[in-house]
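Dear colleague,

After it I set out what was found, with the cut-offs given as each term comes up.

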Amino acid sequence: MQYYIPEWDDLVSSKYDYWNDVELPNSKKVYAHEIYPKPNYDGILVSRMKIEESKSKIEKIKKVGVHKFFRFEGPIFGDCGAWGYINEKNPPFETKDMLSYYETLGFNIGVSIDHLCIPQVKSEWYYRQELTLKNAEQFFNLYENGNYSFKAVGAAQGWDLESYRYAVQELLDIGYDFIALGGLARAQTSVIIKILKNIQDLIEGKKIKIHLFGAARLDGLRAFNNLGVTSFDSASPLRNAWLGSKKNYRGLDWKGYTAIRLPFLSRTKKYQQLVEKGLFSIKELEEFEKSIYALLRRYEIEKTRSPEEIIEAFEMLNQTFTLRDDLKEDYKETLSERPWEKCPCPVCKEAGMDVIIFRGNNRNRRRGFHNTFVFYQLMQKILKDTNFEGTPYLKLVHEKDFSIPIQRQTKKIKSKINKQTKIENFFEQIDEE
Ligand SMILES: [Zn+2]
């Protein structure tokens with residue numbers, strides 16, 4: 001089982017002065033895999049939509065290839081980035097061009113062009129699934145007749161058990177031995193398990209590889225593994241560090257701790273307006289921030305201090321600047337349990353308490369790197385130690401707990417016929433328009 005991290009320009013300064021909030025001399029921008037002695041993921045997932053957002057970035061990648069650009073030797077998985085064109089009628093890429101994109105940029109794995117069948121586009125489900133399958137067929141045929149060094153993957157999109165089964169069956173018929181299931185990023189772990197159980201008879205004994213897009217779950221990991229999943233990706237452990245409303249830092253047992261929010265008041269537009277109105281000077285804002293930051297750092301070093309002092313300071317800060325003020329209990333937990341002291345990872349060792357302070361990219365992304373470290377450690381434990389049944393904060397979900405009451409063979413044929421009829425009707429409707 002391999003874990004891929006989606007690439008999203010997740011870089012920090014290699015040398016950072018937390019007191020003055022500036023990069024130190026000789027600092028450079030580094031990825032998580034350049035901070036840890038071993039990467040906390042097996043590979044990187046790179047979406048074309050994402051890297052083409054920046055013209056200079058894509059130009060540079062074209063020159064040096066993906067491995068050199070991301071300074072990563074492990075496998076790099078390429079996809080289109082279907083969330084980026086979710087509202088478009090059709091994906092903005094052509095299959096032939098996609099094949100040469102994967103090849104010339106040096107990807108190890110490349111997936112066919114897909115279109116998501118999520119609830120927001122219900123009226124287009126059949127059209128999108130058929131489009132995804134047609135693209136997959138064309139992709140496979142061109143791939144087979146060409147001379148490509150990357151591994152071709154067929155994309156399966158669906159919206160329920162039967163539609164995913166239909167997509168997988170079609171891809172196997174085309175000839176794929178590597179299939180990626182998309183559209184599951186927001187699905188419950190139990191739903192993903194049911195979808196996987198529902199395709200077991202199709203893949204059993206066939207050495208088929210299965211990737212789950214956007215659905216790396218620790219609770220379902222063992223079940224996924226038992227049901228033939230060979231890889232998955234997700235950025236949520238990373239991005240929850242700053243996008244999550246709570247539980248931004250994961251303890252080694254996966255317990256979620258809320259990071260302590262100390263924004264850059266002096267660098268925020270809203271507060272600069274207060275400066276313009278003459279209520280504060282920039283210097284006063286900076287000093288105010290620094291005094292609270294100093295309080296936090298003193299708390300870190302002088303281990304006998306009580307969290308109350310910090311909580312009071314934050315109450316004053318939050319009320320003065322109308323910031324979020326509902327996290328007192330969470331802060332108390334974070335402060336009194338000091339989880340950053342228990343983590344052996346290089347980020348926590350270097351940043352100390354700063355890893356748990358919600359303030360700017362260098363702290364927030366580092367916290368994300370730490371979360372990815374914990375995720376990856378737990379992932380190895382779940383896979384290797386079959387007696388490990390999780391922790392109070394991480395309950396494993398088992399495939400045996402879900403039964404699927406369907407008769408596979410008859411359903412399979414029925415579903416195929418039904419869906420093809422519906423798709424034909426759908427195309428007819430479009431033609432009439
Ligand atoms: Zn850590």
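H370 counts as buried because its relative accessibility is 0%, where buried means under 20% relative accessible area, exposed over 50% and partly exposed in between, with a 1.4 Å probe and protein chains only. This is a predicted model, in which local features need pLDDT of at least 70 and side-chain atom pairs count only at pLDDT 80 or more, while totals for chains, interfaces and linings use all residues. Residues are numbered from 1 along each chain as its sequence is written, and side-chain values use heavy atoms, with hydrogens and water left out.

H370 sits in helix α16, residues 360-384; helices (H or I, at least four residues) and strands (E, at least two) are DSSP runs numbered from the N terminus. A polar atom of the H370 side chain lies 2.6 Å from the backbone oxygen of R250. Apart from neighbours within four places in sequence, H370 is in contact with Y36, Y249, R250, C343, C345, V347, C348 and V355, contact meaning heavy atoms within 4.5 Å.

The side chain of D354 makes a polar contact of 2.8 Å with that of Y293 and another, of 2.7 Å, with that of R363. A polar contact here is a pair of N or O atoms within 3.5 Å; within protein, one must be able to donate a hydrogen and the other to accept it, and residues adjacent in sequence count only if both atoms are side-chain atoms. When residues up to four places away in sequence are not counted, D354 touches Y18, Y293, R297 and R363.

D354 also forms a salt bridge with R297, with 3.0 Å between the closest N and O atoms, a salt bridge being a side-chain nitrogen of Lys or Arg within 4 Å of a carboxyl oxygen of Asp or Glu. This pair links distant parts of the chain, since R297 lies in helix α12 (residues 282-301), 57 residues apart from D354 in its loop. R297 is itself buried, with a relative accessible area of 18%. Salt bridges that share partners join D21, E289, R297, E300, D354, R359 and R363 into one network.

How many salt bridges does a search of the whole structure find? The search finds 35, and two further pairs deserve a description. In one, D201 is paired with R165, the closest N and O atoms being 2.9 Å apart; D201 is in helix α8 (residues 200-203) and R165 in helix α6 (residues 161-174), so that the pair links parts of the chain 36 residues apart. R165 counts as buried at 1% relative accessibility, whereas D201 counts as partly exposed at 27%. In the other, K246 forms a salt bridge with D330, with 3.3 Å between the closest N and O atoms. K246 is in the loop between α10 (236-243) and β13 (249-250) and D330 in helix α14 (residues 328-337), 84 residues apart. D330 is buried, with a relative accessible area of 15%, while K246 counts as partly exposed at 35% relative accessibility.

Turning to the domains, the protein chain is divided into domain 1 (42-234 + 403-432) and domain 2 (245-383), with bounds that come from an automatic or database domain assignment. The centres of domain 1 and domain 2, taken over C-alpha atoms, are separated by 38 Å, and seven residues of domain 1 are in contact with seven residues of domain 2. Between them the two domains bury about 720 Å², 73% of it on carbon and sulfur atoms; buried area is the accessible area (1.4 Å probe) that two parts lose on being put together, summed over both. D42, L218 and L221 supply 67% of the area that domain 1 buries against domain 2, more than any other three residues.

Across this interface the rule finds zero salt bridges, although two residue pairs are in polar contact, both at pLDDT 80 or more. On the side of domain 1 that touches domain 2, helix α9 (residues 221-226) gives the most, with three residues.

With best regards
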